[in-house]
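Please keep the viewer open while you read.

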Amino acid sequence: MRLSFRHAYIFSYNLFQFCGHTWILANTLARFFTFGQDALADTFYSVGFVMSLCQLLSILELFHIADGIEKVKLLPRFVQVMEKNVLLIMVIMLEEIQSKPVVCVLLFLWNILDLLRYPHELLCMMDTPSVAMLWTRYTLWIPLYVLSVATEGITVYQALPYVETTASHSSLANSTVHTHTQHLPFALMAYLPVLALGATVTVWQLLKERQHHLEKWNKQMKKK
């Protein structure tokens, strides 16, 4: 394994993301087993900052791909990174939905998806790939991603009444602010089909990527 600054950087990045998401999962499960369903209401308050930091840093992955550090398709990763960050910005801006159970479910699914991906990336960098990790990364990951996208759509739908209320209050307080906020409900409704389209393209690309990696693994096993 050739050690270089690039290799050390991308290894440190994946390790940071893995540790961050491990902490989020441990915190979420500990709170759930301690407080039961009452923990759902303030999950975002307890793990929201670390989750936001991890997702914000995930924008760097687009530069990793563009620079050739990661050998994956740019479009699926772009869709995944942007949809998460757009949803996080919406949740941060609308405090009323932060305590919704659907937000807790959404954060949990994002967390599981990233915990399936980053350990696989670390093992590949250490030249010790695991067939179990390969299968979970490129097979189990896809239905979980579809489920997370459906949860994102439900989150947006549940946020619409609060966005409309915020827009109406802004119109009463300031006509200038109203000009910018009156279109927010329509923007969110327009985002739903865009989300569905982006997810469809992403799943199609992920299925092709899965086929490529599994075929590559089978060829390596036959050579041995």
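Is the crossing in which helix 1 passes helix 5 left-handed or right-handed? In this predicted model, helix 1 passes helix 5 in a left-handed crossing. Helix 1 covers residues 5–35 and helix 5 covers residues 101–125. The two pack at an angle of about 145°, and their axes are 9 Å apart. The residues of this contact divide into 15 nonpolar, six polar and two charged.

Now to helix 6, which spans residues 131–173 and holds A159. If you colour by accessibility, A159 counts as buried because its relative accessibility is 0%, under the 20% cut-off. Setting aside neighbours within four places in sequence, A159 is in contact with M90, L94 and I97.

What about the cysteines? A search of the whole structure finds zero disulfides. For C54, the nearest cysteine sulfur is that of C19, at 9.7 Å. C54 is in no disulfide because a pair of sulfur atoms would have to lie within 2.5 Å to count as one.

| Residue | Relative accessibility | Class |
|---|---|---|
| A159 | 0% | buried |
| C54 | 1% | buried |
| C124 | 33% | partly exposed |

Methods:
Residues are numbered from 1 along each chain as its sequence is written. This is a predicted model: local features need pLDDT of at least 70, side-chain atom pairs count only at pLDDT 80 or more; totals for chains, interfaces and linings use all residues. Side-chain values use heavy atoms; hydrogens and water are left out. Helices (H or I, at least four residues) and strands (E, at least two) are DSSP runs, numbered from the N terminus. Buried means under 20% relative accessible area, exposed over 50%, partly exposed in between (1.4 Å probe, protein chains only). Contact means heavy atoms within 4.5 Å. Axes are lines fitted to C-alpha atoms, for helices over the stretch in contact, and angles run from 0 to 180 degrees between N-to-C directions. A crossing is left-handed if the near helix is turned anticlockwise from the far one by less than a right angle, and right-handed if clockwise. Ala, Val, Leu, Ile, Met, Phe, Trp, Tyr, Cys and Pro count as nonpolar, Asp, Glu, Lys and Arg as charged, and the others, Gly among them, as polar.
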